[in-house]
Every structure is written in structure tokens, then in C-alpha cells.
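Colleague: I would like a close look at a single part of this model. Please take me through it step by step.

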Amino acid sequence: MESEISGLIMQASFLLAEGMPTIDGAYVLQIASRVLHLVSAMILVGGLFYLRTVLSPAGEEACFAGRRAVWAKWVGIATAVLLATGFYNFMLINSEAKAAGGKLPPPYHMLFGVKFLLALLVMFLLAILAGRTGAAERFRGQMRKWLNIAWLAAIAIVILAAMLRTFH
Ligand code: HEM
């Protein structure tokens, strides 16, 4: 009876351990980088959605509720974090593929390149629309148009991100 129970415990612990990631410093860094990438994307794309569907139809004055500089600061922070974590993720995914004895195929790099360029477009548009220069004023003159373009680009980025995951 006793040996049966200990056999069952050993079997259960084997099943739990199978497929478990090794929890070390590199693992924590990888999770942190992914979480920060996603949270920054949520801030940028969530803010973009709210601007486009709720605030901008109410007129340019309503867009930032007198707190344009606060939104501009968050656009800057989210952009910096997306770039840093994005490059880190990219390097990590490539080095993991190398360690497994291969490399990611050219279509992966092509899709990543398109995602990166679209991300630069979204970051630029959100930054200029929240800016305080004369150029920013001119962009805000066509707020709806630029917000629609940024929104379409953001959706394309999310589709590309979902596709990139299927390569590894
Ligand atoms: C508006 C800007 C961006 C948005 C909305 C965005 C969104 C996303 C999302 C939703 C994912 C999937 C995350 C996951 O499955 O855990 C992802 C993955 C990724 N992103 Fe971004 N991202 C943006 C900018 C960037 C930039 C600028 C870079 C590079 C510098 C980048 C590099 C990556 C990489 C390497 C991955 C992992 C792809 C893979 O699974 O192979 N991203 N991004």
C-alpha cells in the first residue's frame, strides 16, 4: 500500500515536471520583457482607440481634456519600452532558434520588418498628434484621417505579431 502511494506521488510529480520551463534569471527577464511589451502596446493602442472613437468626434478641444502633455509623456514612455523590449524579444527568439540548430526562415524576417515599420508609423503619428509644435498643429487639423491610418496600422501590427508566433 505504502509503495503504491509513493509510486503514485512519483508519477504525479513526474507529470507536473514534464514540459515545465526552467525558472531562472533568463526566464524572469523573458517574461518581464513580454509583459512590458504587451502593457506598452495596450497603452498606445488603447489610447489610440479611445482618441479615435470617443474623443476626436467631440472636436479637437475635447481630445486631451487640457492634459495633452500627460498623454505625450505616456506616448514617449510606451514607445521607448516597445522599442527596447521588441529588440530584446527579437534577439532572444533568434538566439533560441540558433541554439536549436537552425534559424528563422526569411518570411519571418520579412514579416518582422513590416511590423517594425508599421510600429514606427504608429509611434510617429501618436507622437506628432500629441505634440506642441506648428507641425503638430497641422497634423491635428486632419486628426480623423491620421487616427484612422494609425488604427489600421495597429490592427495590421497585431495580426503580424500573431503570425510571427507561429514560426517558433
Ligand atoms: C505599436 C507598436 C507595437 C505593438 C502594438 C506591438 C504588439 C505586439 C504584440 C501584441 C505581440 C505579441 C506578444 C506575445 O505574443 O507575447 C508582439 C510581439 C513582438 N513584437 Fe511587438 N509591437 C509593437 C512594436 C514593436 C517593435 C517596435 C518591435 C521591435 C523593435 C517589436 C518586436 C516584437 C517581437 C520580436 C515580438 C515577438 C514576435 C514573435 O513571437 O516571433 N514590436 N508585439
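What should the 31 residues of helix 2 (residues 25-55) span at 1.5 Å a residue, and how far apart are its end C-alpha atoms? Please also cover the buried residues of helix 2 and the protein donors of the iron atom of the ligand.

Modeller: Bear in mind that this is a predicted model. Start with the length. Helix 2 runs over residues 25-55, which is 31 residues. At 1.5 Å a residue it should span 45 Å. Its end C-alpha atoms lie 43 Å apart, so the two values agree.

Now the buried side. The buried residues of helix 2 are Ser 33, His 37, Ser 40, Leu 44, Gly 47, Leu 48, Leu 51 and Leu 55. An α-helix has 3.6 residues a turn, so residues three or four places apart point the same way. The partners come next. The buried residues of helix 2 pack against helix 3 (68-99), helix 4 (106-129) and helix 6 (143-165).

One of the buried residues is His 37. Its relative accessible area is 17%, and the cut-off for buried is under 20%. His 37 is also a protein donor of the iron atom of the ligand, through NE2. The other protein donor is Lys 115, through NZ. These donors lie 1.8 to 2.1 Å from the iron atom. His 37 belongs to helix 2 and Lys 115 to helix 4, so the pair ties together parts that are 78 residues apart in sequence. Lys 115 also counts as buried, at 16% relative accessibility.

Last, the geometry at the metal. Around the iron atom of the ligand there are 6 donor atoms. They subtend angles of 79 to 178°, which makes the arrangement octahedral.

Definitions and conventions: Residues are numbered from 1 along each chain as its sequence is written. This is a predicted model: local features need pLDDT of at least 70, side-chain atom pairs count only at pLDDT 80 or more; totals for chains, interfaces and linings use all residues. Side-chain values use heavy atoms; hydrogens and water are left out. Helices (H or I, at least four residues) and strands (E, at least two) are DSSP runs, numbered from the N terminus. The expected span of a helix is 1.5 Å times one less than its number of residues. Buried means under 20% relative accessible area, exposed over 50%, partly exposed in between (1.4 Å probe, protein chains only). Contact means heavy atoms within 4.5 Å. Donors are N, O and S atoms within 2.8 Å of the metal (3.2 Å for Na, K and Ca); water is not among the atoms, so sites may look incomplete. Four donors count as tetrahedral if all angles lie between 85 and 135 degrees; four count as square planar and six as octahedral if opposite donors are over 155 degrees apart and all others between 65 and 115; anything else is irregular.
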